[in-house]
Amino acid sequence: MTADRRLALVLAINAVMVLGLVGVGLAANSLGVLAAGADYLGDALGTGLSLIALRMSRGPQGHPRATSYAALVNANLLLLVTLAVALEAVYRLSTGAPSIDGLPVVVVSVVAAGAMIACALILGDVEGDLNLQSVMLDTVADAAAALGVAVSGAMILITGGLFWLDSVVALIIAVVVGYHAVRLIRTVLSDLREKQSA
């Protein structure tokens, strides 16, 4: 399967997941699920940008740096989303976590994790392509985030409380994803500097 088709399929899966996650997040009052929905929206936009950049980089009039710029934009979008999630998580932790319905959180998060694992398998080997690496980073981060949210939803469901756990998990995920986004930004900037000096 070509890189274009792989990206298009990942884009379609992300778009469907955005609708499901935002709907369930609002219904269940879960920051973790809403954060995942916002992240998937950023991923859908980033994947679409990656697809456009991949096509722009080809041909005699192609822009060889287009995919690096797309990777840079993707990493920055991911960083912005994680910052917004972290701020909301801190706000909820400081003002008191709202009541959260654990069952829909668990169900939608397990489905989301499965969808992102499928996306990672669709992307396959991305070694040497910073553009596809940025999409893979988003995808793997989403799978991990979904599993974390599923665990917090299960704990909320089992205990009938611990609503603060939703915000703690969202904050932890934001910190981990933000760290990897910063690392990717540094790698892309280094790559762009090398291409410019070459």
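## Ground rules

Helices here are DSSP runs of H or I with at least four residues, numbered from the N terminus. Leucine 162 sits in the loop between two of them, H5 and H6.

This is a predicted model, where local features need pLDDT of at least 70, side-chain atom pairs count only at pLDDT 80 or more, and totals for chains, interfaces and linings use all residues. Residues are numbered from 1 along each chain as its sequence is written, and side-chain values use heavy atoms, leaving out hydrogens and water.

## Two positive phi angles

Back to leucine 162: its phi is near 55°, a positive value in a residue other than glycine. Leucine 162 is partly exposed, with a relative accessible area of 31% (buried is under 20%, exposed over 50%, partly exposed in between, with a 1.4 Å probe and protein chains only).

Asparagine 29 also isn't a glycine, yet has a positive phi of about 65°. You'll find asparagine 29 in the loop between helix H1 (3–28) and H2, and it is partly exposed at 31% relative accessible area.

## Helix H5, inside and out

H5 covers residues 130–159 and includes serine 152. Serine 152 is buried because its relative accessible area is 1%. Setting aside residues up to four places away in sequence, serine 152 touches Leu165, Asp166 and Val169 (contact means heavy atoms within 4.5 Å). Valine 151, also found in helix H5, is exposed, at 52% relative accessible area.

Valine 151 belongs to a nonpolar surface patch of about 560 Å², together with Leu93, Met155, Ile158, Leu162 and Trp164. H5 gives the most to this patch, with 3 residues. Patch residues have over 30% relative accessible area and no salt bridge, with nonpolar side chains (Val, Leu, Ile, Met, Phe, Trp, Tyr) joined within 5 Å. A salt bridge is a side-chain nitrogen of Lys or Arg within 4 Å of a carboxyl oxygen of Asp or Glu.

Of the 13 residues lining the largest cavity, Ala35, Asp39, Val85, Ala145 and Ile173 are the closest to its centre. A cavity is a set of points on a 1 Å grid over the protein atoms alone where a 1.4 Å probe fits but cannot get out, and lining residues have an atom within 4 Å of a point.

Terms used:
Helix = DSSP H or I, 4+ residues; strand = E, 2+ residues; numbered from the N terminus. Patch = residues over 30% accessible without salt bridge, like charges linked within 9 Å, V, L, I, M, F, W, Y side chains within 5 Å. Areas by Shrake-Rupley, 256 points an atom, 1.4 Å probe, with all protein chains shown as cover. 1 Å grid on protein atoms, 1.4 Å probe; cavity = no way out; pocket = protein on both sides within 12 Å on 5 of 7 lines; lining within 4 Å.
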